[in-house]
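Please look over the sequence and the structure shown here before reading on. The report that follows takes up selected contacts, the meeting of two chains, and the confidence of the prediction.

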Amino acid sequence: MTHCAVMASGTIEVYFYGELPADRRAQVDAHLATCADCRALLEDLSEIRNVVDDRFAAFAPPGGDWSGFMARLAREIPADARRARDNFASDDLPHRPRFAAGTNVRHRRWSPAGLVAAAALLSLVGTGVNLAMRSRFPSSPPVGAASVPGGVRQRPDGEPGFAALSGEHFGRSKLVVLGLAAKDSARATSADWTYERELAGRLLSDTRLYRMAAEDRGLLSIAGVMRDLELVLIQASFTDAADPEALSRIQGLIRRRDLVAKMDVVAMAGS
Amino acid sequence: MPAFDAGLLARAASGDASAFQRLVEQHRSMVYRMAYQFAGNHHDAEDIAQEVFLKVYRSLDRFRQDSQLSSWLYRIVMNACIDHRRRDGVAGAPIRGPEQEERVLNTPEASPGPEARAYAGELNEVLQCEIRRLPPGQRVVFLMRHYEGLKLSEIARALGLAEGTVKRQLHAAVHRLRRALTVARVTAGERV
């Protein structure tokens, strides 16, 4: 495997799958005539495809018997509906999926010392990074209700508990967003933002659940900001950290979505 | 993927159990196939498929009619696959802290590597094992491209990712598989 730039860009795979436009395809044809490494990659891709074609595919449980599967689903659905009802009735948190019997369910708990440390860290990082943000993103509009489409105060009496919880979630997530936004993308190595990647992975499921719960409740502004946050967290979690462009792309996403300002507005509205 | 029946979906969302059952029957083969390709065994495939249909059931009333139904279902399947992997942890060990979750998503499956497989069988055996060892994010994208035949743009839309991210995940997956192929060829050559 070599350092051919065309190969490193992933273009050969796109060529192999027949998804390149005609003009780009002609360029790659010309490149292949001179690059043995890319030709070798094409051969390997063909071998991989042959293996995939031969791979055993199961379309149904053993013996094609769906009866056990359907019976289990029929048992699970009423139980799941009961759990969902109980969850929503007892608190205002979004429904956390429960899993079928026999699978592991983990409960996450923070120690008091951990909470104090996290709060102190959030405060410290938030202050420092906010200062950095002001100089890095001068074009960001001023924080205000108008910067969130529709404004989160459109339903001032609607579910204040949920809005407050959403605000707390944005407060937790800000550590990641500000941390990513404040890094110097030209100099940062993948190790420099490992911490933010880990936090993003931890926050992703909760963000998705909050977003779905907000959509459920018709709280479209909160849902919209949650969706933007979810996109940033997905990018941060799944992007290859060794990719030198990854961080600047995520920063661009944060800037284009004006995420910091929107999270501030929603957090303030819920407090 | 079979076309969704909007009327059936509406009836299922309004609580019609037989409509929901019909919906499951229409799509269970596709869901099971993807789950099996991801997990590599019937036991986990059934768990994942169950989770998919529970999630569909929970979110029937949230589905927007203007959305792509196939994208919606693919995304649920993808999330269920990754959640299943996250719950099980690496090599079946329970995940002890939230900080391990991200590591798990990007960690290859623990199983014999290409050298051991090359001695045990053919090169395609090596590749098949390596596909199962891909980190979950790469594996989902690889499966959707190769088994479902979806274009990169369709995968990106279905998973809610940037097309560039999908391309990089696929490139990383192919890179891993090629490395395994190279190692296996060398090992097999040494054996001869």
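## A salt bridge between chains

Arg72(A) and Glu46(B) are joined through their side chains by a salt bridge, with 3.5 Å from N to O; the term stands for a side-chain nitrogen of Lys or Arg within 4 Å of a carboxyl oxygen of Asp or Glu. The pair crosses between chains, since Arg72(A) lies in helix α5 (residues 67-90) of chain A and Glu46(B) in helix α3 of chain B, where helices (H or I, at least four residues) and strands (E, at least two) are DSSP runs, numbered from the N terminus. Arg72(A) is buried, with a relative accessible area of 14%; buried means under 20% relative accessible area, exposed over 50%, and partly exposed in between (1.4 Å probe, protein chains only). A network of salt bridges links Arg72(A), Glu46(B) and Asp47(B).

## How the model is to be read

This is a predicted model, in which local features need pLDDT of at least 70 and side-chain atom pairs count only at pLDDT 80 or more, while totals for chains, interfaces and linings use all residues. Residues are numbered from 1 along each chain as its sequence is written, chains are lettered from A and ligands numbered from 1 in the order in which they are written, and side-chain values use heavy atoms, with hydrogens and water left out.

## The interface of chain B and chain A

The contact (heavy atoms within 4.5 Å) takes 65 residues from chain B and 61 residues from chain A. Between them the two chains bury about 6400 Å², 57% of it on carbon and sulfur atoms; buried area is the accessible area (1.4 Å probe) that two parts lose on being put together, summed over both. Across this interface of chain B and chain A the rule finds four salt bridges.

Helices of chain B that each supply at least two residues of the side touching chain A include α2 (17-39), α3 (42-59), α4 (69-88) and α10 (163-191). With 14 residues, α10(B) gives the most to that side of chain B.

## Salt bridges within chain B

Over all chains, the count of salt bridges comes to twelve. In one of them, Asp83(B) pairs with Lys55(B), the closest N and O atoms being 2.9 Å apart. This pair links distant parts of the chain, with Asp83(B) in helix α4 and Lys55(B) in helix α3 of chain B, 28 residues apart, and both Asp83(B) and Lys55(B) are buried.

Glu130(B) and Arg133(B) also meet through their side chains in a salt bridge (2.9 Å, N to O). Because they are three residues apart in helix α7 of chain B, Glu130(B) and Arg133(B) are separated by about one helical turn. Glu130(B) is buried, with a relative accessible area of 5%, and Arg133(B) is buried, with a relative accessible area of 14%.

## Chain B and its confidence

The secondary structure of chain B comes to ten helices and zero strands, and 57% of its 192 residues count as buried. Chain B averages a pLDDT of 77, and 72% of the residues score at least 70; pLDDT is the predictor's confidence in each residue, from 0 to 100. Among the elements of chain B, α3(B) has the highest mean pLDDT (92) and α5(B) the lowest (46).

Over residues 90-105 of chain B the pLDDT stays under 50, although the model has 35 contacts there beyond four places in sequence. Where pLDDT is low, the predicted coordinates should not be read in detail. For the complex, the predictor gives an ipTM of 0.72 and a pTM of 0.49.
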